[in-house]
Amino acid sequence: MATGRTHRPATRSRGIPEATVARLPLYLRALTALSERSVPTVSSEELAAAAGVNSAKLRKDFSYLGSYGTRGVGYDVEYLVYQISRELGLTQDWPVVIVGIGNLGAALANYGGFASRGFRVAALIDADPAMAGKPVAGIPVQHSDDLEKIIEDNGVSIGVIATPAGAAQPVCDRLVAAGVTSILNFAPTVLSVPDGVDVRKVDLSIELQILAFHEQRKAGEEHAAADGSGPATAARPDSAEQGPDGDVPAVMPA
């Protein structure tokens, strides 16, 4: 089976826009749910609603994949699952290392969705000597002194950083120097990487702050409606996160 080091997804070479690539996991999640219910076909309207986008955007996205559906029938669910999985590179085996096995890192290690989506946790790495050899999710934690050898031995090109903020950049630098070209960053800091290295940032505190903003706004509008000084209908909660390409998709499928 191919590894992440020698094979890369074909999306960029095919000219698929980044905004479309970011929505493909949403479509795949919705299609996988339909497949598990043995639903054979789905219309663009039904699939768009399940994925949280509009149907015109969905049809445009699928046109980049060469999928146009069948009039009056819709899209073949199983074929779309395969097609999107192939475009995302999920039909390959992607070994992943997780660096920083605190509460968050341990939770990520125990996440069962990686294997079903084409990712294999090849190693867990931590700087604490007391963690060395301790099994987490059935995988023994290895010390960060061996990071470069672990990357090389497992052919890893994807790294997950779940360290405290202060340790994230040095860990990132070592991952990149060892050959990692894609990083998922859970540390609350912005990483600096050279060209050719992709970083996706997941900051839970920022997401909660955005939700707090929407809750405060809704509470203010409800108060204004109650005393007659403002409209009774709150704006769409996600409107502040829209841009030219519409809804900002989730980083990881649930």
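Mentor: Begin with a term: a salt bridge is a side-chain nitrogen of Lys or Arg within 4 Å of a carboxyl oxygen of Asp or Glu. Keep in mind that this is a predicted model.

Trainee: How many salt bridges does the structure hold?

Mentor: Side chains of opposite charge can pair when their charged atoms come close. Counted with the 4 Å cut-off, the salt bridges in the structure number 7.

Trainee: Which residue forms a salt bridge with arginine 120, and which parts does the pair tie together?

Mentor: The closest N and O atoms of this pair are 3.1 Å apart, and the partner is aspartate 93. Arginine 120 lies in strand β4 (residues 119-126), while aspartate 93 lies in a loop, so the pair ties together parts 27 residues apart in sequence. The parts are strand β4 and the loop between α4 (77-88) and β3 (94-99).

Trainee: Which residue forms a salt bridge with glutamate 148?

Mentor: The closest N and O atoms are 2.8 Å apart in the salt bridge between glutamate 148 and arginine 174. The pair links distant parts of the chain, 26 residues apart: glutamate 148 is in helix α7 (residues 147-154) and arginine 174 in helix α8 (residues 165-177). Glutamate 148 is partly exposed at 33% relative accessibility.

Trainee: Aspartate 153 forms a salt bridge with lysine 149. About how many helical turns separate them?

Mentor: Their closest N and O atoms are 2.6 Å apart. An α-helix has 3.6 residues a turn, so residues three or four places apart point the same way. Lysine 149 is exposed, with a relative accessible area of 54%. Aspartate 153 and lysine 149 are 4 residues apart in helix α7, so the separation is about one helical turn.

Trainee: At what angle do helix α1 and α4 pack?

Mentor: Helix α1 covers residues 18-36, and its axis is 9 Å from that of α4. The crossing of α1 past α4 is left-handed. The packing angle is about 145°.

Trainee: Which residues make the contact, and how many of them are nonpolar?

Mentor: From α1 they include Val21, Leu24, Leu28 and Leu31, and from α4 they include Val77, Leu80, Val81 and Ile84. By class, the contact has 3 polar and 1 charged residues, and the nonpolar ones number 12.

Trainee: How far apart are the C-alpha atoms of threonine 32 and valine 77?

Mentor: Threonine 32 is found in helix α1 and is partly exposed at 30% relative accessibility. Threonine 32 and valine 77 are 45 residues apart along the chain, and their C-alpha atoms are separated by 8.2 Å.

Trainee: What span does helix α9 reach from its first C-alpha to its last?

Mentor: Helix α9 (residues 204-226) has 23 residues, and at 1.5 Å a residue the expected span is 33 Å. Just after α9, glycine 228 takes a positive phi of about 80°. The span of α9 is close to the expected one, at 33 Å.

Trainee: What percentage of the residues in the protein are buried?

Mentor: The protein has 9 helices and 9 strands. Of its 254 residues, the buried ones make up 39%.

Note on methods: Residues are numbered from 1 along each chain as its sequence is written. This is a predicted model: local features need pLDDT of at least 70, side-chain atom pairs count only at pLDDT 80 or more; totals for chains, interfaces and linings use all residues. Side-chain values use heavy atoms; hydrogens and water are left out. Helices (H or I, at least four residues) and strands (E, at least two) are DSSP runs, numbered from the N terminus. Buried means under 20% relative accessible area, exposed over 50%, partly exposed in between (1.4 Å probe, protein chains only). Axes are lines fitted to C-alpha atoms, for helices over the stretch in contact, and angles run from 0 to 180 degrees between N-to-C directions. A crossing is left-handed if the near helix is turned anticlockwise from the far one by less than a right angle, and right-handed if clockwise. Contact means heavy atoms within 4.5 Å. Ala, Val, Leu, Ile, Met, Phe, Trp, Tyr, Cys and Pro count as nonpolar, Asp, Glu, Lys and Arg as charged, and the others, Gly among them, as polar. The expected span of a helix is 1.5 Å times one less than its number of residues.
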